[in-house]
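Please look over the sequence and structure shown below before reading on.

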Amino acid sequence: MGPLLQVRGLRKAFDGHEVLRGIDADAEAGTVTVLIGPSGSGKTTVLRSLNVLEVPDAGSIRIGDVGLDFAPGHRVGKRAAARLRAQSGMVFQNHNLFPHLTVLGNVMEGPVVVQRRPREEARADALALLERVGLSDKAEQFPFQLSGGQQQRVGIARALAIRPELMLFDEPTSALDPELVGEVLAVMRDLATEGWTMVVVTHEMRFARQVADQVLFLDGGVIVERGAPSAVLEQPRQERTRRFLRLLG
Ligand code: ADP
């Protein structure tokens, strides 16, 4: 069947400036891919493209049995975009929870409103997911009543609720106070152990070392180096990778 995620020749320009200049990547089912690179290298644009929040100018993306081709001047249909989007659950840097909905309401929103699943089924599912991220007792609270780490864990439960094939994390801990980072990384570790396929943009190198199956180093819109964390992070072959890792400390 091949890899769960297959990205070929992905290109994207904003205002004539090429941000992605031909990205090729595969991820096998059940593996964790960590995307690292300097600010502005295109990491978020790759992730947003996988979730079709950005429409690439060229290339193709396939997640499971849903694929999309992109070409200049070729409009992507709403339905086709929605089908690919439903294959992945996205966790944002700033959780993006709906402030007027309870925690439970936030987790039920996608399944009920977008996927039109029966309310009772979505509710039972959402409660189970909240238990999994350690927030059963917060179901009836509103986002503002939670800590940043708890909000981010709700964000993870909400992304899981649509039952995606692939989980995408865009710097999920970088907006958090340091003492709250661990609880979010712990949930992500659990998901990896359970066999979720994940693509994670992060500066948490310890997480990358311990959890990633492959690390992709992005610079200037291209993948400059890729491989196991022991190779890319411990023995980088490219000077650009070495410089980036030195700067991180
Ligand atoms: P990273 O996640 O590695 O920091 P991004 O993918 O966020 O990089 O951004 C790559 C480049 O694309 C940056 O120069 C950024 O300013 C630009 N960019 C990203 N999104 C947009 C957008 N919607 N409109 C214009 N420029 C954008």
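Which residue in E7 is the bridge partner of Ser88? It is Leu166.

This is a predicted model, in which local features need pLDDT of at least 70, side-chain atom pairs count only at pLDDT 80 or more, and totals for chains, interfaces and linings use all residues. Residues are numbered from 1 along each chain as its sequence is written, and side-chain values use heavy atoms, with hydrogens and water left out.

**The sheet**

- An open sheet with mixed pairing is formed by 6 strands in the order E6-E7-E8-E3-E9-E10; strands (E, at least two residues) and helices (H or I, at least four) are DSSP runs numbered from the N terminus, and two strands pair if DSSP finds at least two bridges between them.
- Strand E6 (88-91) and strand E10 (222-227) are the edge strands, each pairing on one side only.
- On average, neighbouring strands of this sheet are turned by 20 degrees against each other, direction ignored.
- The pairing of E6 with strand E7 (residues 166-170) is parallel and runs over 4 bridges.

**Helices on the sheet**

- Helix H1 (residues 43-50) packs on the sheet and touches strand E3 (32-36), E6, E7, strand E8 (197-201) and strand E9 (214-219); contact means heavy atoms within 4.5 Å.
- The direction of H1 makes about 150 degrees with that of E7; axes are lines fitted to C-alpha atoms, for helices over the stretch in contact, and angles run from 0 to 180 degrees between N-to-C directions.
- Helix H9 (residues 239-248) also packs on the sheet, where it touches E3, E9 and E10, and its direction makes about 95 degrees with that of E9.

**The pair H5 and H6**

- The axes of helix H5 (residues 148-161) and helix H6 (residues 178-193) come within 8 Å and cross at roughly 20 degrees.
- H5 is therefore roughly parallel to H6, a term for angles under 35 degrees.
- Residues making the contact include Ile156 and Leu160 of H5 and Val184 and Leu191 of H6.
- By class, the contact of H5 with H6 has 7 nonpolar, 4 polar and 2 charged residues; Ala, Val, Leu, Ile, Met, Phe, Trp, Tyr, Cys and Pro count as nonpolar, Asp, Glu, Lys and Arg as charged, and the others, Gly among them, as polar.

**Ala192**

- Ala192 lies in helix H6.
- With a relative accessible area of 17%, Ala192 is buried (under 20% relative accessible area, 1.4 Å probe, protein chains only).
- Leaving aside neighbours within four places in sequence, Ala192 is in contact with Val32, Met198 and Val211.

Notes. Angles under 35 degrees count as roughly parallel, over 145 as roughly antiparallel, 65 to 115 as roughly perpendicular and the rest as oblique. Buried means under 20% relative accessible area, exposed over 50%, partly exposed in between (1.4 Å probe, protein chains only).
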